[in-house]
Amino acid sequence: MGPDQQQDAGGECMTEPRTLEQCKQRAAERIQEERECLCALSRDIWRRPELAYQEQQAHATLTRFFSCRGDWLVEPHYKLDTAFRAQWTSSLSHKESQPLHIGFLCEYDALPGLGHACGHNLIAEVGAAAALGLQAALEFTQPPRPVKITVLGTPAEEDGGGKIDLIEAGAFMDMHVVFMAHPGQDDAAYLPDVAEHDVTVKYYGKASHAAAYPWEGVNALDAAILAYNNLSVLRQQMKPTWRVHGIIKNGGVKPNIVPAYSELEFYLRAPSLKELAKLQEKADACFKAAAVATGCRVELSSSGHDYYNVLQNKTLAKTYVENGKQLGMQFQADNQALNSLSGSTDFGNVSFVVPGIHPYFYIGSDALNHTEEYTEAAGSKEAQFYTLRTAKALAMTALDVIFKPDLLVNVCEDFKLIKLIEEGNISVTEKNRESSGGAGCASR
Ligand SMILES: [Zn+2]
Ligand SMILES: [Zn+2]
């Protein structure tokens, strides 16, 4: 038993609240002690931006960061060329129990032409920092059960969905709770990132002289234009929360040749997988109708994985907010956050397999993600304070999960419940009844 623990009347291992506070303080101190190394880590990733699945330098920087610490087991190229895993396990004095497995995710891919305009270098820093902070706290006091910390390097968030590859390869299999944080404009424990499906539409027509024998041609550009307009008409009946946006990638080669080929690329987004499926059906009809009208052949395909909407874990979010406030974070009101504009992330898919949290954090700038100004902000000195503060809040939240077994029970209940709701297995009325009936659940 650690020096900070005591036996309660029932012989169970207890930790005083004061002790948990001391552990949190130790985690924050360690992050502060490592600030120069952590800043160098994210600067290094920031100044050499790499696109999805090509993050070789970032992979090398991060694996070196953990390898040189000695007590982390590092697996480079873990399941994907530019993914990695670094693991540390607390003292094995409780051989009888399975370790509680806590994951921290690092993203590190950049955007074409813009560099780190989504601040994924800071996501990598937060993941690494939070893991070091948690490790220090667990070296300071023995946890009630052994803890395994995994830092998982997850490439290709901006394009492709590296986390989905890693889910399919079993990388999240025995994780209990997973943490990451994303740079944004405000501190928010949860923003409703939506589900997304990408579709590539190819129309095959027939070339002909556009002036001499236009009637011999089948115009693939016309099909693309009709499809674009069909979708514009569809917008009248779309829910305000749905999004359809796209480009014409190929519209023919020369004005005097009837275009024999055209290509469109569209992203479809909706707040849930169910709604996304409805939207996809409607959009597919628009694409196919354009083929019928013009006599073209159409091919629909998807380049990668669908991104799922992020499931909220209210218990984790509430705990994160409590810790963040202690560190001086100012959070948006819940209703404001839920109505915020948001994009999509492959963390959504993770949120369907492991209870987790994906908060957003302020980085000291009002710039918007995916702009040159945001790239500058993500590499600035000012962002460091906010990034380290976020890492501290994540490590502290992980400590709450470790030292408060009831909290973990609630986290798991929230996870099961929201999945049931998402999958439409219970009605809202039943959901409300179950929610209010949960004894001692901090989140309800
Ligand atoms: Zn982005
Ligand atoms: Zn991003």
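In which hand of crossing does H2 pass H4? H2 passes H4 in a right-handed crossing, a term used when the near helix is turned clockwise from the far one by less than a right angle, the left-handed case being anticlockwise. This is a predicted model, in which local features need pLDDT of at least 70 and side-chain atom pairs count only at pLDDT 80 or more, while totals for chains, interfaces and linings use all residues. Residues are numbered from 1 along each chain as its sequence is written, and chains are lettered from A and ligands numbered from 1 in the order in which they are written.

**The chain as a whole**

- The secondary structure comes to 14 helices and 14 strands, where helices (H or I, at least four residues) and strands (E, at least two) are DSSP runs numbered from the N terminus.
- Of the 444 residues in the chain, 48% are buried, a residue being buried if 20 or more other C-beta atoms lie within 10 Å of its own, exposed if 12 or fewer, and partly exposed in between, with C-beta atoms placed from the backbone.
- Among contacts between residues at least 6 apart in sequence, 78% join residues at least 24 apart; two residues are in contact if their C-beta atoms, placed from the backbone, lie within 7 Å.

**Confidence**

- Where pLDDT is low, the predicted coordinates should not be read in detail.

- S3 pairs with strand S4 (residues 84-89) in the antiparallel sense over four bridges, and Glu-75 stands opposite Arg-85 in S4.
- Ala-86, found in strand S4, counts as buried because it has 26 C-beta neighbours inside 10 Å.
- Leaving aside residues up to four places away in sequence, Ala-86 touches Phe-66, Trp-72, Leu-73, Val-74 and Val-151.

**Helices H2 and H4**

- The axes of helix H2 (residues 35-47) and helix H4 (residues 120-140) come within 8 Å and cross at roughly 150 degrees, axes being lines fitted to C-alpha atoms over the stretch in contact, with angles from 0 to 180 degrees between N-to-C directions.
- That makes H2 roughly antiparallel to H4, since angles over 145 degrees count as roughly antiparallel, under 35 as roughly parallel, 65 to 115 as roughly perpendicular and the rest as oblique.
- Residues making the contact include Leu-38 and Trp-46 of H2 and Ala-128 of H4.

**Strands S9 to S12**

- Strand S9 (residues 195-204) and strand S11 (residues 261-270) run antiparallel and are joined by 10 bridges, with Val-199 opposite Phe-266 in S11.
- S9 is also joined to strand S12 (residues 297-301), antiparallel, by five bridges.

Notes
Pairing = 2+ DSSP bridges.
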